[in-house]
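Student: I have a chain on screen and some time to go through it. Can we talk it over?

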Amino acid sequence: MPLPDTELAMLRDLGRRNRVRLKTQILLRWIALAGQTAAALVAALVYGLVFPIGPVAITIGAAGILNLLAGFLLPATRRLSEGESTAMLVFDIAQLSVLLWLTGGLDNPFALLMLAPVTISATMLRLPGVLLISGLALASVTALWLWNRPVLSPQMVALTLPELLRFGFWLALAIGITFIALYVRRVTLEMQAMGDALAATQLALAREQKLTDLGGVVAAAAHEMGTPLATITLTASELVDDLSDNPELAEDAALIRTQAMRCRDILRSMGRAGKEDTHLRQAPLEAVVREAAEPHLARGREVVFAVGAEAGNGAGEELEAQPLIHRRPEIVHGLRNLIQNAVDFAEGRVEIDLSWTESSIMVKIEDDGPGFPPGLIGRIGDPFMRSRRRPGYEGMGLGLFIAKTLLERSGARLSFANGGERLRASGAAAGGAIVMVAWPRQTLEAAATVRPANPHFLPWDGAPRS
């Protein structure tokens, strides 16, 4: 079933909240500044290299001043917006470019650090920001290849690479910037999509669990209210008999009895909807699957159930008996999503085959619709995958992912295929989607004997109890 609008909006907003704290950004910049300072000091004091130390110190100090201002003016726990993160990364590239220009350009091996802002942008920013940072980094390394101030040795000799090696370093950096931007962004988007989809799965499972828990609470309330209502009904009946000489009071007593019996009927219906016994936790295979299919049985498609032990495996009387399985929320919700998908795309008929062997339990859902797109069968179950517009509502491409995740959590194996020729009575081209769900029998099957969880629970029929 589709998630409510509020939950969809929350999931769509998850990516926007995937932002870095200002404290993290400041800490990373302090580490970078410490490294830049150490490299400059070692080059000047240990190796005696000659470069403009004053401008280098000013360039490093500018980044330090920005860090101090950001730390004093903004709360450290603040999460940077898209624009703020982009502005900081632009400053980092500009500061690093000036520093490299003062210290040899691409002749400086630390030019490799130009990849760092690109990598960070690919994990934090949307596509326009990633393109901006990557383009700026490419422009910077190109400018550093063409223009720079060479570093001098203690003998005042320019330390420069041969032109061919410098070109090779520029080409490697250009390819690295492009590749890292594409690769890291792709991986980040996939991880975010998987995280959002898993969050949607947890929401769906939590909602199903709440419904199950609510049924138990209702049944417990119905049971606990049975005795006091029976007492009220008995007392009201006695008052009606005793007050026969006072019609007005007798009428009030009769009203009390009527309302108590009305409460009895309400609690009886509520108790049927959610009895807190083992029938809530385990049920025959067909009952669980029919419960999952129930919301989609009256949607203009014929839904047909076929139930029986799988032929050809020497089934005896024990195997002919329908398995009693655990009624778990993830199983109900997962099957419901698969059945909904079949009903949504079926032309007129959906078949649900329930079968079992000595070692496994299978549920096959087959429709007479257009089937799965052949090029996407191998990707079915990936999050946010939408190949067609689903009739009736705008989905997020999470239905099959949620179903697959929940059912695999219960121990099932799922397979997807196209077929459905026998369902097409019109003789149209072969098509139709087939989903097979199979569990190891020992994983899904419950105990054969069903005993009430509360042996003292008996449905109240309105009669007084002693």
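Tutor: Let's go from the whole chain down to single residues.

Student: Fine. What kind of model is this?

Tutor: It is a predicted model: local features need pLDDT of at least 70, side-chain atom pairs count only at pLDDT 80 or more, and totals for chains, interfaces and linings use all residues. Residues are numbered from 1 along each chain as its sequence is written, and side-chain values use heavy atoms, with hydrogens and water left out.

Student: How many helices and strands does the chain have?

Tutor: 14 helices and 7 strands. Those are DSSP runs numbered from the N terminus: helices are H or I, at least four residues; strands are E, at least two.

Student: And how much of the chain is buried?

Tutor: 42% of the 466 residues. Buried means under 20% relative accessible area, exposed over 50%, partly exposed in between (1.4 Å probe, protein chains only).

Student: Which residues of helix 10 are buried?

Tutor: Leu285, Val288, Val289, Ala292 and Ala293, in a helix that runs over residues 285–293. They line one face, because down the axis they fall within an arc of 135 degrees. The arc is taken from the directions from the helix axis to the C-beta atoms.

Student: What covers them?

Tutor: The cover includes strand 1 (282–284), strand 2 (302–307) and helix 12 (329–345). Strand 4 (349–356) and strand 5 (360–367) are also among the covering elements.

Student: Switching topic. Which residues have the most contacts inside the largest nonpolar core?

Tutor: Leu338, Ile352, Val363 and Trp439, in a core of 38 residues. Such a core is a set of buried Ala, Val, Leu, Ile, Met, Phe, Trp, Tyr and Cys residues joined through side-chain atoms within 4.5 Å. Helix 12 gives the most to this core, with 7 residues.

Student: What does Trp439 touch?

Tutor: Leaving out residues up to four places away in sequence, its partners include Ile331, Leu335, Val363, Leu407 and Leu444. Contact means heavy atoms within 4.5 Å.

Student: Now Arg29. Buried or exposed?

Tutor: Arg29 counts as buried, because its relative accessibility is 5%. Arg29 sits in helix 2 (residues 22–46). Beyond its neighbours within four places in sequence, Arg29 contacts Ala63, Leu66, Asn67, Met88, Phe91 and Asp92.

Student: And Met191, buried or exposed?

Tutor: Exposed, because Met191 has 58% relative accessibility. Met191 belongs to helix 7 (residues 163–242).
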